[in-house]
Amino acid sequence: MFQTQIAGAAWDDDTQRWIVTTSRQDRLSAKYLVIAGGILSKAKLPRIPGIETYAGKAFHTSRWDYGYTGGSASEPMVNLADKRVGIIGTGATAVQVVPKLAESAKELFIFQRTPSTVGWRGNKPTDTEWFKSLEPGWQWERVENFTNAVMGTQPEVDMVQDAWTEMMWVGVKGDVQTPEEIAELERIDFVNMEGVRHRIEDLVDDLDTAEKLKPWYGQWCKRPCFHDEYLPAFNHPNVHLVDTDGQGVERITAAGPVVDGEEYPLDLLIYASGFEVTTDYDHRLGFDPTGRHGVPLSEAWSDGPHTLHGVLAHGFPNLLMISTVQGGWGTNFVHYLSETSNHVAQVIAECEAQGIATIEASTQAEEEWLMVLYGTVAGVARYNATCTPGYMNSEQEMNAKSARNLAYLGSIIDYAKHLKAWRDAGGMVGAEVTSGR
Ligand SMILES: Cc1cc2nc3c(=O)[nH]c(=O)nc-3n(C[C@H](O)[C@H](O)[C@H](O)COP(=O)(O)OP(=O)(O)OC[C@H]3O[C@@H](n4cnc5c(N)ncnc54)[C@H](O)[C@@H]3O)c2cc1C
């Protein structure tokens, strides 16, 4: 159902069905409700005082207005030739957008709170002969090889050979505990970050700008970026880095952003401020599923999420979730999404085969799963505590609720093993089921 948003979903215990309502006034009934509402799908704006007073043109990167900028994803944005453009945010999206804006805008101001790490990307055409030589099953082999490489398992052959597999997740592995192991990982982390900083010196001509673009934090504090044109864009005479020394934009007036008392009047202000990652699940979804006895998810999870595998939840029969909330997580989201989707399909098939009417997690199983999650988090929590604010550490505002709002932080391959072991054991241990159809 295209262009249709779920407005609400309520469990009806009498009919044992989900009643789903939509933005188009549909009322649908379903035995199972699978939510795959996205990982980074809800745009986020920064809480900058005065943001609502800005009088020029503005949009979030995920709401790009080519009507205003001209051009397209593959053509220059010709309407910007006489425009002063500002962009707030220097994360994964801005790194991709800035080189294109630098080509088109009359003047470009990049407002930076914290610089990203920007490694080499090295995109190149795929060798068609090599592609033809691949045997069936190559893709999944490559997916697992990549995950093993980035998790530091070090497969014999690095099939992907990109900057991710070169860096590896070693710095935040949960099973690293001894002071010697931690020290060694910090050393590797520092060496990698020195490489990132030297790359900036090599590519950015102006020494002052280069210094300001250098990230001084651990390599996994923020999502690492990879780009071959971002750093050279700062050599264009029309491109200006407005570094805020970690403070962020002070305020926004009708004319534009203010940093260190200086106002930057703009025609166009672009928010490359990312997407919600650690906010409440119902907020990200845009609807609040109502489970047994009319209890909304927001209420059941008022102290943080409660799930088994991130998939089943107590009080929400036949609701199956595919998200990072107490679920999988890793560099390649598609890997864990495939594993979780497969799991969801198998759970539903099993319910149908066994004549199960409803399935949900037991509260005990939810708490046991939380302990499994905590077992993967120690190294990451220690690491993130040292980081500058960002979505990896809930903007440094961790509390008891956000401590439940975590993902399985070990390897996706291990997460998938948990799911498979649960399925293979049979009996749906930890799930409460009722029979009937
Ligand atoms: C800037 C950025 C960088 C990323 N980088 C990476 C990366 O490096 N590696 C990686 O693996 N992944 C990355 N991703 C994540 C990427 O989003 C996921 O890998 C993948 O797209 C998730 O697939 P999905 O089907 O779960 O969600 P999505 O592709 O987000 O699809 C979710 C769908 O649910 C719909 N939806 C949501 N709420 C409702 C509702 N109430 N009613 C009806 N429909 C609804 C949405 O409209 C959307 O169509 C990145 C994403 C962003 C935005």
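1. Let's start with strands S2 (residues 17–22) and S3, which pair in the antiparallel sense over four bridges. Here strands are DSSP runs of E with at least two residues, helices are runs of H or I with at least four, and both are numbered from the N terminus. Two strands count as paired if DSSP finds at least two bridges between them. Within this pairing, Trp 18 stands opposite Ala 30 in S3.

2. Before going on, a word on what you're looking at: this is a predicted model, where local features need pLDDT of at least 70 and side-chain atom pairs count only at pLDDT 80 or more, while totals for chains, interfaces and linings use all residues. Residue numbers start from 1 along each chain as its sequence is written.

3. Back to the strands. S2 and S3 belong to an open sheet of three strands, ordered S1-S2-S3 with antiparallel pairing. S1 and S3 (27–30) are at the edges with a single partner strand each, so one side of each has no neighbour in the sheet. On average, neighbouring strands here are turned by 25 degrees against each other, direction ignored (axes are lines fitted to C-alpha atoms, for helices over the stretch in contact, and angles run from 0 to 180 degrees between N-to-C directions).

4. Have a look at the loop between S2 and S3, where you'll find Gln 25. Gln 25 has a positive phi of about 65 degrees although it is not a glycine. Most residues other than glycine have a negative phi. Is Gln 25 buried or exposed? Gln 25 is exposed, with 7 other C-beta atoms within 10 Å. The cut-offs are 20 or more other C-beta atoms within 10 Å for buried, 12 or fewer for exposed, and partly exposed in between, with C-beta atoms placed from the backbone.

5. Met 428 also has a positive phi, near 50 degrees, and lies in the loop between H15 and strand S17 (431–435). Met 428 is buried, though, with 20 other C-beta atoms within 10 Å.

6. Now for the largest nonpolar core, which has 44 residues; Leu 308, Leu 312, Leu 320 and Ala 431 touch the most other members. A nonpolar core means a set of buried Ala, Val, Leu, Ile, Met, Phe, Trp, Tyr and Cys residues joined through C-beta atoms within 7 Å. Elements giving two or more residues to this core include strand S1 (6–12), helix H11 (333–354) and helix H15 (412–425). H15 gives the most, with five residues.

7. Take Leu 308: leaving out residues up to four places away in sequence, its contacts include Ala 361, Trp 369 and Ala 431 (contact means C-beta atoms, placed from the backbone, within 7 Å). A second, separate core of 39 residues includes Met 77, Phe 109, Ile 110 and Val 239.

8. Strand S7 (residues 107–112) and S10 run parallel and are joined by five bridges, and Gln 112 has Asp 243 in S10 as its bridge partner.

9. Finally, the ligand. Which residues come nearest? Of the 18 residues around the ligand, those are Ile 6, Gly 37, Gly 38, Leu 40 and Phe 333 (the cut-off is a C-beta atom, placed from the backbone, within 6 Å). H11 gives the most to this shell, with three residues.

Methods
Contact = placed C-beta atoms within 7 Å.
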